[in-house]
Amino acid sequence: QVQLVESGGGLVQPGGSLRLSCAASGSIATIYVMGWYRQAPGKQRELVASITSGGITTYADSGKGRFTISRDNAKNTMYLQMNSLEPEDTAVYYCNGVIATTQHKYGGMNYWGKGTLVTVSS
């Protein structure tokens, strides 16, 4: 019913930038909070940043000052601008959204994208 599709990952050199996008589609009534998570090899998935429908943002310490999360509610799309990338940022980045569908308008469910790989290497 709801799909989240990430794009924008790839290989970038240390110090470079990437912009990730997450497009939500399907039987969407309301998108509440959205977030970017990442999972590096051998590590647990961790929150990178989140944004509410009203634009309130939170960041993990690892990305503060380097990453910027944003969303376009009209397009049901979320973005993550990543600057000054470091090898430690290498991970699969996942889009997450708490979304109410047209069939269940008064309860949000947790949805995940399949992820996009970001590799920071020279």
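This is a short walk through the structure above, stop by stop, with something to select at each one.

Before you start, note that this is a predicted model, in which local features need pLDDT of at least 70 and side-chain atom pairs count only at pLDDT 80 or more, while totals for chains, interfaces and linings use all residues. Residues are numbered from 1 along each chain as its sequence is written, and side-chain values use heavy atoms, with hydrogens and water left out.

**Stop 1**

Strands here are DSSP runs (E, at least two residues), numbered from the N terminus, and two of them pair if DSSP finds at least two bridges between them. Together these strands make an open sheet of 4, in the order β1-β3-β8-β7, with antiparallel pairing.

- β3 and β8 run antiparallel and are joined by 6 bridges; Leu 18 has Met 82 in β8 as its bridge partner.
- β7 and β8 are joined by 6 bridges and run antiparallel; Asp 72 stands opposite Thr 77 in β8.

Buried means under 20% relative accessible area, exposed over 50%, and partly exposed in between (1.4 Å probe, protein chains only).

**Stop 1: two loop residues**

Select Asn 76, in the loop between β7 and β8. The hairpin of these strands has 4 residues between them, and Asn 76 takes a positive phi near 50 degrees. Most residues other than glycine have a negative phi. Asn 76 is partly exposed, at 26% relative accessible area.

Next, select Ser 84 in the loop between β8 and β9. Ser 84 is another residue other than glycine with a positive phi, near 50 degrees, and is partly exposed at 42%.

**Stop 2: the disulfide**

The structure holds 1 disulfide, and it links distant parts of the chain: Cys 22 is in β3 and Cys 95 in β9 (residues 91–101), 73 residues apart. The link is left-handed, with -65 degrees about the S-S bond. Cys 22 is buried at 0% relative accessibility, and Cys 95 is buried at 0% as well.

Step along to Asn 96, also in β9. Asn 96 counts as buried at 5%.

**Stop 3: the largest pocket**

Finish by selecting Arg 38, Ala 40, Lys 43, Gln 44, Glu 46, Glu 88, Thr 90 and Ala 91, which line the largest pocket. A pocket is an open set of points on a 1 Å grid over the protein atoms alone, where a 1.4 Å probe fits, with protein on both sides within 12 Å along at least five of seven lines; lining residues have an atom within 4 Å of a point. This one holds about 160 Å³ of space, the volume being the space filled by probe spheres set on the points. Colour the lining by type and you get 2 nonpolar, 2 polar and 4 charged residues; Ala counts as nonpolar, Glu, Lys and Arg as charged.

Terms used
A disulfide is a pair of cysteine sulfur atoms within 2.5 Å.
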